Amino acid sequence: MAKKIVIDRYKCAYCGACVAVCKFNANELIETFVVIHEDLCNCCMNCVKVCPTNALSVVEV
Amino acid sequence: MYDVVVVGAGPAGSMAAKTAAEKGLNVLLIEKRQEIGVPVRCAEGISKKSLERFFEVKKRWIANEVIGAKIYSPDGTEIELSEEKAGNEVGYVLERRVFDRDLARMAAKAGAEVIVKTTAVKFERKGGILEVHLRRMGDDWKVETKILIGADGVESRIGREAGIIKTLKLNEIESCAQYLMTNLDVDKNYTYFYLGREIAPGGYAWIFPKGNSSANVGIGVMPSLAKKSAKYYLDKFIKDKNIEGSIVEFVAGAVPVYGEIETAVSDNIMLAGDAAYHADPITGGGIANALTAGYYAGLVAYEAVKKGDFSARFLRKYDELWKNDFGKRLRRNKKIQEKFLKMDDKTLNKLAKSIAGKRLEELSVKAIVLELIKTHPRLLWDLKDLFL
């Protein structure tokens, strides 16, 4: 089963913590909007663990 | 062509742009957000002397002045750090939204071009200089520059794309959440720090009063040790300590607690501030080092342009300057942090009890650790060499 990271925009405080810990440059913060580039993401979960507001989670697709 | 393009208009970037522009360089300062200075992502504390080193301090930058700090161990044992003479303020709690804007304005006044809502998408090396791709509101264009200063924060792309820094691991970063609270019953003469694995795994909680019964109430936790989010621990802290007040602002953020990086430069590029992991690994404080690094980066940019040498070898001058200034302290505090991270709450309580009631007159990590080494030479024997 494939996995992907999803973002809850109601929780996201667009702080950039998820960008800082991503080894694959899969997360990008465009002003107040976090973009997850799924083609780069390896689902390593680092961004999920660092997020101060618990806005990121992993789902099976 | 620009002499210098600075990415990020926080304290490091604006300081670099200001310094380079004052030296007569042709400077472009870009900020990806549409407003400089917000969201704040910071507890806003800085020592008085770090700010006075670079500026004639303006009243509007200062929300509050403090005379000392109070540190609490997990069981509530208090350690007070303050100067003997009451009323001798040692620290400021800033109004970053005002300070950051003023600093960018100073850079502009010195001649730097400032643009906001603009992202540096990428850069390419072309015959000894750089081509920087910019994007603003859907428009893409390129500028050429001799030097690129990456002051683009903890989420820096420039540092990673240039191969200067490694991505932070989960034990090299603090995940932070903070409320600006008002209607608080708090003595505004002190800043307050709360330690403990239960309260803030791998970090601490803080209350930094801003005057008018308001304060930044926040927390930093290390994701490798924390089981839940920073916001969870913050809400729990506020509940457990019965902190009553209204929340008028919420911010989140991340602070690098890496220690000293080997180099902050590559050909044509210098990194400053959080982008170079310049924040202190113990306190998380980053403004003072960011200002210092930005200042040195601006100076070295000027020297490089004057010489026409933008090689990493020449830019190492900048490494020398920031390392001699605060790099050693980053290295030392990283070692102290690693030691403290291993301590459980019981040990922290024991240490706190042993020095509680002693008046520590210097407001510094060094003062506390030296006092602790005196009372617990065996427990902390491996730290003593750090202060020789």
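This is a predicted model: local features need pLDDT of at least 70, side-chain atom pairs count only at pLDDT 80 or more; totals for chains, interfaces and linings use all residues.
I begin with T167(B), which is found in the loop between α4 (158-161) and β12 (173-182) of chain B. Helices (H or I, at least four residues) and strands (E, at least two) are DSSP runs, numbered from the N terminus. Residues are numbered from 1 along each chain as its sequence is written, and chains are lettered from A and ligands numbered from 1 in the order in which they are written.

Not counting residues up to four places away in sequence, T167(B) touches V21(A), C22(A), K23(A) and R160(B). Contact here requires the C-beta atoms of two residues, placed from the backbone, to lie within 7 Å. The C-alpha atoms of T167(B) and A272(B) are separated by 16 Å, and these residues are 105 apart along the chain.

That brings me to the interface. In total, 18 residues of chain A are in contact with 23 residues of chain B. On the side of chain A that touches chain B, the elements giving two or more residues are α1 (17-20) and α2 (46-50) of chain A. The residues on this side comprise 11 nonpolar, four polar and three charged. In this scheme Ala, Val, Leu, Ile, Met, Phe, Trp, Tyr, Cys and Pro count as nonpolar, Asp, Glu, Lys and Arg as charged, and the others, Gly among them, as polar.

Let me turn to chain B as a whole. Chain B has nine helices and 18 strands. Its radius of gyration, taken over C-alpha atoms, is 21 Å, close to the 21 Å that the globule rule (2.2 Å times the number of residues to the power 0.38) gives for 388 residues, so chain B is as compact as a globular protein of that length. Along the principal axes, its C-alpha atoms fill a box of roughly 60 × 45 × 40 Å. Buried residues make up 50% of the 388 residues in chain B. Of the contacts in chain B with a separation of 6 or more, 69% are between residues 24 or more positions apart.

One such region involves E113(B), in strand β8 (residues 113-115) of chain B. Leaving aside neighbours within four places in sequence, E113(B) is in contact with V27(B), L28(B) and L29(B). E113(B) is partly exposed, with 16 other C-beta atoms within 10 Å.

Finally, I consider two helix pairs. Helix α6 (residues 287-307) and helix α7 (residues 312-341) of chain B pack at an angle of about 155 degrees, with their axes 9 Å apart. Axes are lines fitted to C-alpha atoms, for helices over the stretch in contact, and angles run from 0 to 180 degrees between N-to-C directions. The helices α6(B) and α7(B) are therefore roughly antiparallel (over 145 degrees). Their contact has 11 nonpolar, two polar and four charged residues.

The axes of helix α8 (residues 345-355) and helix α9 (residues 365-375) of chain B come within 10 Å and cross at roughly 95 degrees. The helices α8(B) and α9(B) are therefore roughly perpendicular (65 to 115 degrees). In this pair, L351(B), S354(B) and I355(B) of α8(B) meet E371(B), L372(B) and T375(B) of α9(B).

Definitions and conventions:
Angles under 35 degrees count as roughly parallel, over 145 as roughly antiparallel, 65 to 115 as roughly perpendicular and the rest as oblique. A residue is buried if 20 or more other C-beta atoms lie within 10 Å of its own, exposed if 12 or fewer, and partly exposed in between; C-beta atoms are placed from the backbone.
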